[in-house]
Amino acid sequence: MILLIDLCYRDGSLSRDEFVAPVERLLCRNGVASVTRHYTAVGASDLDSADAAILCGTALMDTGYLEHPELFRWLLTFERPVLGISSGMLALAAAFGGGVDPCREIGMTDMNVLAPDPLFSGQEVFPAYTVHDYAVQVPGEFVALAASDRCVQAIRHRSLPLYGLLFHPEVRNEWIVERFSRLAGRQSP
Amino acid sequence: MPSGRFRHRRRRGYRALEENNTGRIMKLGVLFSGGKDSMFACWKAMQKEEVACLITVVSRNPESYMFHTPNIRLAALQAEAAGLPLVEVGTAGEKEEELIDLERALRTAREQYGIEGVVTGAILSVYQAARVQRVCRELGLWSFNPLWLADQEAYMEELLDAGFRVVIAGVFSSPFDESWLGREIDRRTLDELRAIAQKYQVTLTGEGGELETFVVDAPFFAQRIAIEEASKVYRNYNGVLRIERAGLVAK
């Protein structure tokens, strides 16, 4: 079971259908069970029963989740696969001490794969949909996996299956979420 | 005032049905074309926030003249049916100028109705969604796309279940012939559309540009629209329903 985390400004917000529901449907179409929780309502039992977690994106103006770093500390000890999408990548990097730099990209942008990884294997350059105001400063425990002309677009923890993507894979790159969920399936007990 | 044509009618905006969360309710403007997607997005926005106005950008491009001539008047009629003010801005309909006109429309909506964000009916168009996102960000406005990547089947079912009444006002692809113009999308028509979507390379919602729609009734309309006189302009799988005369009637 994958725990989907809604980072939007409010539980059940108007942004939910835009940033969370498309990922829920994508997992459902691939036969992957998931449960969704707002980031303010993630409980110990949710974390215990999850094989993996996906942190979904938010609207550009929506940065409220960054004001609650204590609600993302569980990422430090979760140790199972995590995929942070856009704002989710910022939250993941922040939990590991990574800061942010202003970097606005909106629209389709080419991603250049920088380092070998199962998530992007067979790909060198692919176009992806970006909607972000900030890029992450890659934390010391992470490596950069892909970048646009402007900034790092994908990171992975050096020893754990923790991924962050600045672009939105649920838009025109569903294969990345599918690969992640297979990875999560392989690592589940 | 800039060169575009503005029309504002102050009415009280719709409030979300209930405030069941921690944050305050946001005032939003809905980018509105008169078709089902922007109307349904408006309906979705009303469940969560306050819709303060509708915003429409009307093209004066001769290419789209025949599409937009009826809509200029009918957008105002739909806004009246919904009891919402309308911010209407004209544009020459050229690519980059359109963005400037869109920005002008959003600035006006913010000044007149205090909107903090913009709602669109975008489903799949990355190009359109990104253009609106950029303008909103420049203005410091939130951007909402509640139909983004929607499941087409579920969306159409939800649309009919919610009580929307939608008429096909334009066809732009085979196999849609003249007989489709003016047809209401009811259960039977939806079944036919489903069969066509499976057989041909067309989307069920018309998102690929195969169909244009016009909403004559919505759950938030106080009155519905009655089309009293319409003509069809059609040639070789391309046509529009020109609504010559329409009015509001009790529901």
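This is a predicted model: local features need pLDDT of at least 70, side-chain atom pairs count only at pLDDT 80 or more; totals for chains, interfaces and linings use all residues.
A crossing of two helices is called right-handed if the near helix is turned clockwise from the far one by less than a right angle, and left-handed if the turn is anticlockwise.

Strand β1 (residues 27-31) of chain B runs parallel to strand β2 (residues 50-59) of chain B, and 5 bridges join the two. To find the place by eye, take L28(B): opposite this residue, in β2(B), stands V51(B).

Two packed helices are described by the angle between their axes and the distance between the axes. For α3(B) and α4(B), the angle is about 50° and the axes are 10 Å apart. That angle makes α3(B) oblique to α4(B). Here the opening definition comes in: α3(B) passes α4(B) in a right-handed crossing.

Which residues make this contact? From α3(B) come L99(B), L102(B), E103(B), L106(B) and R107(B). From α4(B) come R131(B), V135(B) and L139(B). Sorted by class, the contact has 5 nonpolar and 3 charged residues, with no polar ones.

Step back to the whole of chain B. This chain is divided into domain 1 (27-144) and domain 2 (163-250). How far apart do the C-alpha centres of the two domains lie? The distance is 20 Å. The domains touch: 19 residues of domain 1 of chain B are in contact with 23 residues of domain 2 of chain B. On the domain 1 side, α1 (36-48) and α2 (65-82) of chain B each supply at least two residues. The helix that gives the most to this side is α2(B), with 9 residues. By class, the domain 1 side holds 13 nonpolar, 4 polar and 2 charged residues.

One peptide bond in chain B deserves a look. The bond joining S174(B) and P175(B) is cis, with omega at about 10°. P175(B) sits in the loop between β6 (165-171) and α6 (187-199) of chain B.

Turn to chain A. An open sheet of 9 strands is found here, with mixed pairing. Its order is β2-β1-β3-β4-β9-β8-β7-β5-β6 (chain A). At the edges stand β2 (34-38) and β6 of chain A. Each has a single partner strand, so one side of each is left without a neighbour in the sheet. Neighbouring strands of this sheet are turned by 20° against each other on average, direction ignored.

One pair shows the antiparallel sense: β5(A) and strand β7 (residues 142-147) of chain A pair that way over 2 bridges. V113(A) has its bridge partner in β7(A), namely A146(A).

Helix α5 (residues 87-95) of chain A touches β3 (52-55), β4 (82-85), β5, β6, β8 (152-157) and β9 (162-165) of chain A. The direction of α5(A) makes about 120° with that of β4(A). In the loop between β4 and α5 of chain A lies S86(A). This residue has a positive phi of about 55°, although it is not a glycine.

Finally, see how the chains meet. The contact takes 21 residues from chain A and 20 residues from chain B. On the chain A side, the elements that give two or more residues are α1 (16-19), α2 (21-29), β5 (100-113) and β6 (125-136) of chain A. Which element gives the most to that side? It is β5(A), with 3 residues. The chain A side divides into 11 nonpolar, 4 polar and 6 charged residues.

Methods. Residues are numbered from 1 along each chain as its sequence is written. Chains are lettered from A and ligands numbered from 1 in the order in which they are written. Two residues are in contact if their C-beta atoms, placed from the backbone, lie within 7 Å. Helices (H or I, at least four residues) and strands (E, at least two) are DSSP runs, numbered from the N terminus. Ala, Val, Leu, Ile, Met, Phe, Trp, Tyr, Cys and Pro count as nonpolar, Asp, Glu, Lys and Arg as charged, and the others, Gly among them, as polar. Two strands pair if DSSP finds at least two bridges between them. Domain bounds come from an automatic or database domain assignment. Axes are lines fitted to C-alpha atoms, for helices over the stretch in contact, and angles run from 0 to 180 degrees between N-to-C directions. Angles under 35 degrees count as roughly parallel, over 145 as roughly antiparallel, 65 to 115 as roughly perpendicular and the rest as oblique.
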